[in-house]
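Hello,

Here is the model for your files. My notes on it follow below the entry.

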Amino acid sequence: MHGRAMFIRRGKHLTKYKQQPVQLSIALPGFMDITHMGNLKTKDLSKIGYDNDQLRSLVIGIAAKNFKHHSKQQLLDLLVNIKNDPEAFLDDELTTKIATKIIGKLDGPAFKTFELRQEPVYCKTYGGKGIESAAKKQMELANLLPVSVQGALMPDAHMGFGLPIGGVLATNNAVIPYAVGMDIGCRMALTIIDEGEAYLKRYDYQIKQALKNYTHFGMEGGLDTRQEHEVLDSPVFNEIGFLKPFRGKAVRQLGTSGNGNHFVEFGEIELLANNSLGLPAKKYSALLTHSGSRGLGSAIARHYTQIAMNTCKLPKHAQQLAWLDMNSEAGQEYWLTMTLAGDYAKACHERIHANLLKALGLTALYVVENHHNFAWKDQLPNGQDVVIHRKGATPAHKGELGIIPGSMTAPAYLVAGKGNGDGLYSASHGAGRAMSRQKAKDSITVSAMKKLLNNAGVNLIGGTVEENPMAYKDIDTVISAQQSLVEIQGKFLPRIVRMNKE
């Protein structure tokens, strides 16, 4: 290096001094001569703040080639100095790649500033009369993003963070973490069971016991029996450095559900004639679940939302809609981790259904499932390649099956998509909230809710008044508003419902 400022550690403090020219590849006095860098491991780099996989690989490669005669400690001290003051190491040919990677110059400027469009992109709204103005304004803002191509607003829409719940947005080569949401891969799963509706009354007690023994709700804890699934062996846990600490929590939470409106419920489903499942038109028992990717998805959402907001600067009122370029390292990492979270959410549903069916000795006839907090690479009817974000919206390509639930006393509808391009091949993901959780809590007493459930013939295990049936829009009104998006295949009525109890 050439007469730049350097730092030397004295006790707990770094002292700055003017460094004289030194040839870095020559061992300095007082250090053990190391002929190879096999002792430098990625965990050593993680401890000093090198938490990016590509950066760690770069460092190990440079160290092995150019710093063979430095001791491990000498090299770690140098790397700390580079991290603390990367600009001071840009001129040296041996350290410039590490320094520029830290600064971000290899991927362009540390951040870019963008202005919104003057006019919004095309956006079709379904059931607009039942959608609050705040949700419509959120969608309008998303339609002004320079990367936006087309939008759609589903009839269950209500205000959320970033994109409204029920918002669908197609973008050009960009993914918006807050347009996917915090609970990445939140999804519905329906198992139609080889039993008639009479099974639910006959085995009411056994079903309740199975729900108590083989489901778990809430932020902490897990099932008594460790769950196994191939998703836990995904190489992404090791490829993306910040994910490693969350694998243990993913192991503990596998096969469990969250709080809020997440549920596991048994009910009866009536399939219509000529349904696209190919099953006889009659009533069956069925198992329906709703939950997402648990702590894993939340950690991914927080991590990449922050990166997006740091690198994509928008006007303050639109900052939550910051995006990651799909060609950038962060964009590619988010896509990998988002996909992992979706796979993990699917695995949780698979374990819940498998555990309950095994405990009750039941056989599955048909399974319908899909995400509603996710992003997909897709094409518009004109052939344009886009990324479609569905924040609380169900995929509804031509013939694609989905489930749109109401509330704990209202029906859920099994539907097949019509592939409507104006609706971005989407449908609602539920009835949608008509009240905030606080308003719902204030609107009904526990005893009044119990009476409501009894009148509807529903048994509730757990649950709170925040999720009372009156907190949701009328599901039949929401379904009728999207007749151009989906075709009804069957109607599910909840009978025994398990939810989280605060």
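**Helix contacts, sheets and loops**

Helix H3 passes helix H4 in a right-handed crossing. (A crossing is right-handed if the near helix is turned clockwise from the far one by less than a right angle, and left-handed if anticlockwise; helices are DSSP runs of H or I with at least four residues, strands are E runs of at least two, and both are numbered from the N terminus.) The contact is made by Leu 79, Ile 82 and Lys 83 of H3 and by Ile 98, Ala 99 and Ile 102 of H4, where contact means heavy atoms within 4.5 Å. By type, the residues of this contact are 5 nonpolar, no polar and 1 charged. (Ala, Val, Leu, Ile, Met, Phe, Trp, Tyr, Cys and Pro count as nonpolar, Asp, Glu, Lys and Arg as charged, and the others, Gly among them, as polar.)

This is a predicted model: local features need pLDDT of at least 70, and side-chain atom pairs count only at pLDDT 80 or more, while totals for chains, interfaces and linings use all residues. Residues are numbered from 1 along each chain as its sequence is written, and side-chain values use heavy atoms, with hydrogens and water left out.

The axes of H3 and H4 are 9 Å apart and the packing angle is about 45°, which makes H3 oblique to H4. (Axes are lines fitted to C-alpha atoms, for helices over the stretch in contact, and angles run from 0 to 180 degrees between N-to-C directions; under 35 degrees is roughly parallel, over 145 roughly antiparallel, 65 to 115 roughly perpendicular and the rest oblique.) In H4 (residues 96–103) the buried residues are Ile 98, Ala 99, Thr 100 and Lys 101. Buried means under 20% relative accessible area, exposed over 50% and partly exposed in between, with a 1.4 Å probe and protein chains only. These buried residues pack against helix H2 (53–66), H3 (72–84) and helix H12 (329–360).

An open sheet is formed by 5 strands in the order S4-S5-S6-S15-S14, with mixed pairing; two strands pair if DSSP finds at least two bridges between them. Its edge strands are S4 (123–125) and S14 (373–379), each pairing on one side only. Neighbouring strands of this sheet are turned by 15° against each other on average, direction ignored. S4 and S5 (residues 148–158) pair in the parallel sense over 3 bridges, and Thr 125 has Leu 153 in S5 as its bridge partner. Helix H5 (residues 133–142) packs on the sheet and touches S4, S5 and S6, with its direction at about 170° to that of S5. H12 also packs on the sheet, touching S14 and S15 (385–391), and its direction makes about 120° with that of S14.

Strand S18 (residues 412–417) has 6 of its 6 residues buried, so it is largely enclosed by the rest of the structure. Ala 412, Leu 414 and Ala 416 point one way from S18, and Tyr 413, Val 415 and Gly 417 the other way. S18 runs antiparallel to S17 (residues 401–404), joined by 4 bridges, with Ile 404 opposite Tyr 413. S18 is also antiparallel to S21 (residues 486–499), over 6 bridges; there Gly 417 has Val 486 as its bridge partner.

Two asparagines remain. Asn 173, not a glycine, has a positive phi of about 55°; it is in the loop between S6 (165–171) and S7 (174–175) and is partly exposed at 31% relative accessible area. Asn 274 has a positive phi near 60°, lies in the loop between S9 (263–271) and S10 (283–291), and counts as exposed at 79% relative accessibility.

Regards
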